[in-house]
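Subject: Structure handover

Hi there,

Here is the structure I promised to pass on to you. Have a look at it first, and then read on for my notes.

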Amino acid sequence: MTGNLLLGGGLAAALAAMIICFAQKIPSARLVKATALTSAGFIAAASLFLWILIFENDFSIEYVASYSSTTMPTLYKISAFWAGQQGSFLLWLLIHALIGAVLIFRRTTAAALGIYFLLQSVLVLLVMAKSPFAENPAEVFEGVGLNPLLQDFWMAIHPPIIFVGYALLAIPFALSLGSLLTEAASRSWLEEARKWTLAAWAFLGAGIFIGGYWAYKVLGWGGYWGWDPVENSSLVPWLLAAVLLHLINLARKKSAVLSVAHVAATFTYSLVIYGTFLTRSGILGDFSVHSFAGSSIGTAIALVNALVLIGGLSIILTKAKFLPQGKMYESHGEAAFIILLSCLLLIFIAAIVWIGMSMPLLSQLFGQAAAVDTDFYVKSTAPIALVLAIILIHAFIKFGRAISLGGKIAHVGFLVMLTAIVISAQGETLTQELQPREKILIADHEVVYEGQVFSEDERQKFYVYTVDGEVVKALTKLRGNGSDAAREPAILKNFSGDVYIAPHAAEIETIQELILTKNLFAMDGELGYIFEDAHIDYDEQRNPTQATASITITDGEKSEVIHPLIIVTADGGTSQAMEIFGGKRRVRLTGISGDLEKARLEILPTLEKISSMPITATITTKPFIWLLWFSVMTICIGTLLAIKKFKARR
């Protein structure tokens, strides 16, 4: 209730700021600042309240129970805020509101601020429609916790950076429509829009590539980009933001380009909303590992998308007769033509990616939903990217002096990125079953599989390899029942590139399951088991916390009594394996009947036996892949320098 009341306050203040701005009450600038800061304050308080609920382990809130737990480290408790659909929307809203609090102290027109706070009001409504403060219908005493795949530093910072980019792209959209509503032919909004678009492009690009590095480092499927529809939903607005940026620059010199810049601003932000719709409506549930489950929020986002796109285009069409006319370029040899041609190629790439990522939705309209494969993207975009690279090189040779230092660095970084993508894809790949201490050769590298090593608490295991004499380990995080939860590859980094080893899930065929009946003798082939007794521990509210069994095990000569237990969790229960007879065997309790008359036991091989088992792995070489990470940093640094240069020019 408290969180929703705070959001309600944020909505009321944002609507008040919007109304004041649209009323063009310039003398009430103080009131605009007051209402905008009040809205940001309420939204920040709601966000802080959610963090408090997470850190206090308040599992009476469904969102907290779904994405946090008492055992999660601090970093992942912080990132649990945006781990789910509801929290990520609140994060987007928080960033949008904080940026709005900065925007009111700049020379931003009242109309542009009105558009911005209209968007802020809509975001508040979306958060309230799918609130992270909803009460949990079930009473639980431990949360599910964060998905093991998300428990990584790079994934913890990836969503906030992406949402900074999304929120910043609202500014050129608001500045564009604000200018059209007041003085359509004016180009005064371009300077401000250029700076914010540069910042948005840098943040969104950094977020995309951080996500790619996380996929490369953690997922273990062999790459940094899989053309997943959710990955593409961020790529498309990033590509269009690049188009918008170049059109803004050109419109400052060529007034005829102004109308195209307005259109680009609308399409760029509307595709941010469209990507959000695709990923959160459930349409991609069967086609993307990143997509959220379907919910009623999808319809609301689709309506917002229509509001942004149709509303923006309608204003542009209404004001089109007031926009400057004329030629966008005089000849094919001038810089304006090169810029426009490059923008057109980027639009072609964005359109192809949009079609591919939208295929599940488009095909659903005419029958059964289907998706395109990665070859569709590679074969269709690669030729265009090659032409784009040639044009960039030509532009550098002919017009390099006119490009700022930051622009030069960013464009060189982009060319290096395209080159690195091509070079790193030329490595060798080998999938093979490896016996312990077996040597194989790949691209002049010697790889030896050494075996598996378990952590003391058996919540992690490592596949150990030596590559050219250097030890590297592939990490597998284990669930409470011992099954694989998340696998990370082993990577040997060299100047010449990476050797990337992705082990496949180990198949242990020697696991045996026994159903024991109380006081009856059962055997697994070698050992005998008698289920003697069981009891359940309860907390003060009479909720079960753990179940313990008493089982006698004999080999015919000696006996051993064990007391395995199951700890009750929100998603069922977890139990650890126990060694018996000095490590001769391992057993794990996996279930006890409600009447305490039956117990289910897993008979597991020893850790030594598991370590000596063969493992299938895919080994890939990634020639000079460090160039890709270097190019990304170069792009971001160049973009930030361009912003600094822009400030100096003002």
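Below is what I found in it, going from the whole chain to single residues.

Please keep in mind that this is a predicted model. The chain has 650 residues, and 52% of them count as buried. Its C-alpha atoms fill a box of roughly 100 × 60 × 50 Å along the principal axes. In secondary structure, the chain holds 17 helices and 19 strands. If you take contacts between residues at least 6 apart in sequence, 66% of them join residues at least 24 apart.

**The cores**

The largest nonpolar core contains 147 residues, and W92 and Y269 have the most contacts inside it. Helix α10 supplies the largest share of this core, with 14 residues. Beyond its neighbours within four places in sequence, Y269 contacts W92, L119, Y166, L169, A170, F173 and V308. Another core, of 19 residues, lies apart from the largest one, and its members include L516, L527, Y529 and L589. As background, nonpolar side chains tend to be buried together in soluble globular proteins.

**Aromatic rings**

A search of the whole structure turns up 28 aromatic pairs. One of them is W201 with W238, a stacked pair at 4.8 Å centre to centre and with 5 degrees between the planes. W201 belongs to helix α9 (residues 189–219) and W238 to helix α10 (residues 229–251), so this pair ties together parts that are 37 residues apart in sequence. Both W201 and W238 are buried.

W225 counts as partly exposed because its relative accessibility is 22%, whereas W227 is buried, with a relative accessible area of 18%. The cut-off that parts them is 20%, since buried means under that value.

There is also a cluster linked by ring pairs, made up of F153, W154, Y213, Y216, Y224, Y500 and W629. Two lysines lie over ring faces as well: K195 is over W196, at 3.8 Å from the ring centre, and K473 is over F462, at 5.6 Å from the ring centre.

**Helix α2 and its surroundings**

Helix α2 (residues 29–55) has 27 residues and reaches 39 Å from its first C-alpha to its last, close to the 39 Å expected at 1.5 Å a residue. Which residues of α2 are buried? They are V32, T35, A36, S39, A40, I43, A46, S47, L50, L53 and I54. When you look at how that list is spaced, recall that an α-helix has 3.6 residues a turn, so residues three or four places apart point the same way. The cover over the buried residues of α2 includes α1 (2–22), α3 (62–67), α4 (74–79), α5 (85–103) and α6. Just after α2, N57 takes a positive phi of about 55 degrees.

In helix α6 (residues 110–129) you will find S121, which counts as buried at 3% relative accessibility. Neighbours within four places in sequence aside, S121 is in contact with L11, A14 and L15.

**Strands and loops**

E450 sits in strand β3 (residues 445–454) and counts as partly exposed, at 28% relative accessibility. Not counting residues up to four places away in sequence, E450 touches P436, R437, V464, Y465 and T466. With T466 there is a polar contact from side chain to side chain, at 3.3 Å. For a sense of scale, E450 and M128 are 53 Å apart in space, C-alpha to C-alpha, and 322 residues apart in sequence.

R437 deserves a look too: its phi is near 65 degrees, a positive value in a residue other than glycine. R437 is placed in the loop between β1 (429–434) and β2 (438–442), and at 56% relative accessibility it counts as exposed. N519 also has a positive phi, of about 70 degrees, although it is not a glycine. The loop that holds N519 runs between β9 (512–517) and β10 (521–523), and N519 counts as exposed at 53% relative accessibility.

Conventions
Residues numbered from 1 in each chain as written. Predicted model: local features only at pLDDT ≥ 70, side-chain atom pairs only at ≥ 80, totals over all residues. Heavy atoms only, no water. Phe/Tyr/Trp six-rings, centres within 6.5 Å; stacked < 30°, edge-to-face > 60°. Helix = DSSP H or I, 4+ residues; strand = E, 2+ residues; numbered from the N terminus. Buried < 20%, exposed > 50% of the residue type's maximum accessible area, 1.4 Å probe, protein only. Lys NZ or Arg CZ within 6 Å of the ring centre and 35° of its normal. Core = buried A, V, L, I, M, F, W, Y, C linked by side-chain atoms within 4.5 Å. Contact = heavy atoms within 4.5 Å. Polar contact = N/O pair within 3.5 Å; in protein donor to acceptor, adjacent residues only side chain to side chain. Expected span 1.5 Å × (residues − 1).
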